[in-house]
Structures are given as C-alpha cells and as structure tokens.
Amino acid sequence: MSKFRILGVLAAAGILAGCTSDIDTLRNTQGTGSPFTKALTDEYRQLAVNEADEYDWPDASYFARKGLSAANGQVVLPEEPGAWWLPPDKVDEISQGRARLIQDLDAGARDRAPEIAARAQGRFDCWVEEQEENHEPAAIAACRDEFLKALAQLENKPAAAAPAAPAAPAKK
C-alpha cells in the first residue's frame, strides 16, 4: 500500500471517529437549560442517530453538534435553507415554512409550548436535510408533514374570549 493510500485511510478513519464521537456523546448527554432546549436536545439526538443509521456521517455529526449545543442550554436556530443544496422548486416552500417557524419561536412558542416548538424545529431540519438528498420521497414527506403538523399546533391560538355583554342601563 502506498504512503498516500495509508494516509487516506488514516484520515478517513479519523474523520469517522470524530463523527461517531459526537453522536456517542450526544446519546449519553442529558439536556440542560429551558424545557425547550431539553426537548430540542432530544430532537437532534433522534435526527443524528437516524442519519448515522443511514451511514450519513457528515449530517449525523452535524446534527449531533447542534444537539450538544442545545444540551448545553444554547438556543439553536432552525436551518437556513440557503445553506443547503435544495431543489429550486422547493426553496420557496421551505423558506416560507422557516419564516413561519421563526415567527412562532420569536412570539414565545419556546416558552408557551416547548415540546411542540422543539418538535417543529427538529422536523423542519429533518425536512431540509432529506430534501437536499432528494432521493427518499417518503422520508421527505414524513419530515415535512410532521413539521407542518407541529407548526399548526403552535399556530393554533386559543379562541378569544367572547366580548362581555353590555351592562344593563341603571334604573331610575
């Protein structure tokens, strides 16, 4: 084996070791901070493990690092569609979904409904990642549909109280 092949094999092994190390660390880490960051830790753990099960080490490691940030109590933002190689015909739909999600998160969804907000963000990131790969229509649809379901729950605002009946005029 040439020196270059040996170096290539060692470099690949080092990269894979780093990827699995992030995933293994996240598997054994409990979230801290707010209920939202704790729930988000679980969402990214699930996403990282699913990607690792598909041998998608770069994305598994990426989501594991996001999960570790959430586990440390940091607020992690949903993916920016422009940072991914998305099919052009999907960019508007995904961008609009992210805008709605950000609006809800900024309007207090992280505190009002932390588990649902974390679920929406995790499923959004799943949708973006699966859409970039663009070869598993069922996985894309599942992530998108779960995101939209969680988003609808966040946007389901309680009904406004009925206006009070006018007071009866005082008798003279």
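Helices here are DSSP runs of at least four residues, numbered from the N terminus. The model is predicted.

**Stop 1: Arg-98**

Select Arg-98. This residue lies in helix α4, which covers residues 88–112. Is Arg-98 buried or exposed? Arg-98 is buried, because its relative accessible area is 12% and the cut-off for buried is under 20%. Now show Glu-79. Its backbone oxygen lies 2.7 Å from a polar atom of the Arg-98 side chain.

**Stop 2: Leu-86**

Move to the loop between α3 and α4, where Leu-86 is found. Leu-86 counts as buried, with 11% relative accessibility. Next, select Glu-132. Leu-86 and Glu-132 are 46 residues apart along the chain, yet their C-alpha atoms are separated by 4.8 Å. Leu-86 also touches Pro-81, Val-91, Ile-94, Val-128 and Gln-131, leaving out residues up to four places away in sequence.

**Stop 3: helix α2**

Select residues 35–53, which make up helix α2. How many residues does α2 have, and how far does it reach? It has 19 residues and reaches 27 Å from its first C-alpha to its last, close to the 27 Å expected at 1.5 Å a residue. Colour its buried residues, among them Phe-36, Leu-40, Tyr-44, Leu-47 and Ala-48. The buried set also includes Glu-43, Arg-45 and Glu-51. Then step past the helix to Tyr-55, whose phi is positive, near 65 degrees.

**Stop 4: the aromatic pairs**

Show the aromatic rings. The whole structure holds eight aromatic pairs. In one of them, the rings of Tyr-62 and Phe-63 have their centres 5.3 Å apart. Their planes stand at 70 degrees, so this pair is edge-to-face. Tyr-62 is partly exposed, with a relative accessible area of 30%, whereas Phe-63 is buried, at 0%. For another pair, select Phe-124 and Trp-127. Their ring centres are 6.1 Å apart and their planes are at 90 degrees, so this pair too is edge-to-face. Both residues sit in helix α5 (residues 114–133), three residues apart, and are separated by about one helical turn. Why does that spacing matter for direction? An α-helix has 3.6 residues a turn, so residues three or four places apart point the same way. Phe-124 is buried, with a relative accessible area of 0%, and Trp-127 is buried at 1%.

**Stop 5: the disulfide**

Which cysteines form a disulfide? Select Cys-126 and Cys-143, whose sulfur atoms are 1.9 Å apart. The bond links distant parts of the chain: Cys-126 is in helix α5 and Cys-143 is in helix α6 (residues 137–155), 17 residues apart. Both cysteines are buried. The structure holds one disulfide.

**Stop 6: the nonpolar core**

Finish with the largest nonpolar core, which has 35 residues. Which members touch the most other members? They are Leu-40, Leu-101, Phe-124, Trp-127, Phe-147 and Leu-154. Helices α1 (3–27), α2, α3 (57–71), α4, α5 and α6 each supply at least two residues of this core. Zoom in on Leu-154. Beyond four places in sequence, Leu-154 touches Leu-101, Asp-104, Ala-109, Arg-112, Ala-113, Ile-116, Ala-117 and Ala-120.

Terms used
Residues numbered from 1 in each chain as written. Predicted model: local features only at pLDDT ≥ 70, side-chain atom pairs only at ≥ 80, totals over all residues. Heavy atoms only, no water. Phe/Tyr/Trp six-rings, centres within 6.5 Å; stacked < 30°, edge-to-face > 60°. Buried < 20%, exposed > 50% of the residue type's maximum accessible area, 1.4 Å probe, protein only. Disulfide = S-S within 2.5 Å. Expected span 1.5 Å × (residues − 1). Core = buried A, V, L, I, M, F, W, Y, C linked by side-chain atoms within 4.5 Å. Contact = heavy atoms within 4.5 Å. Polar contact = N/O pair within 3.5 Å; in protein donor to acceptor, adjacent residues only side chain to side chain.
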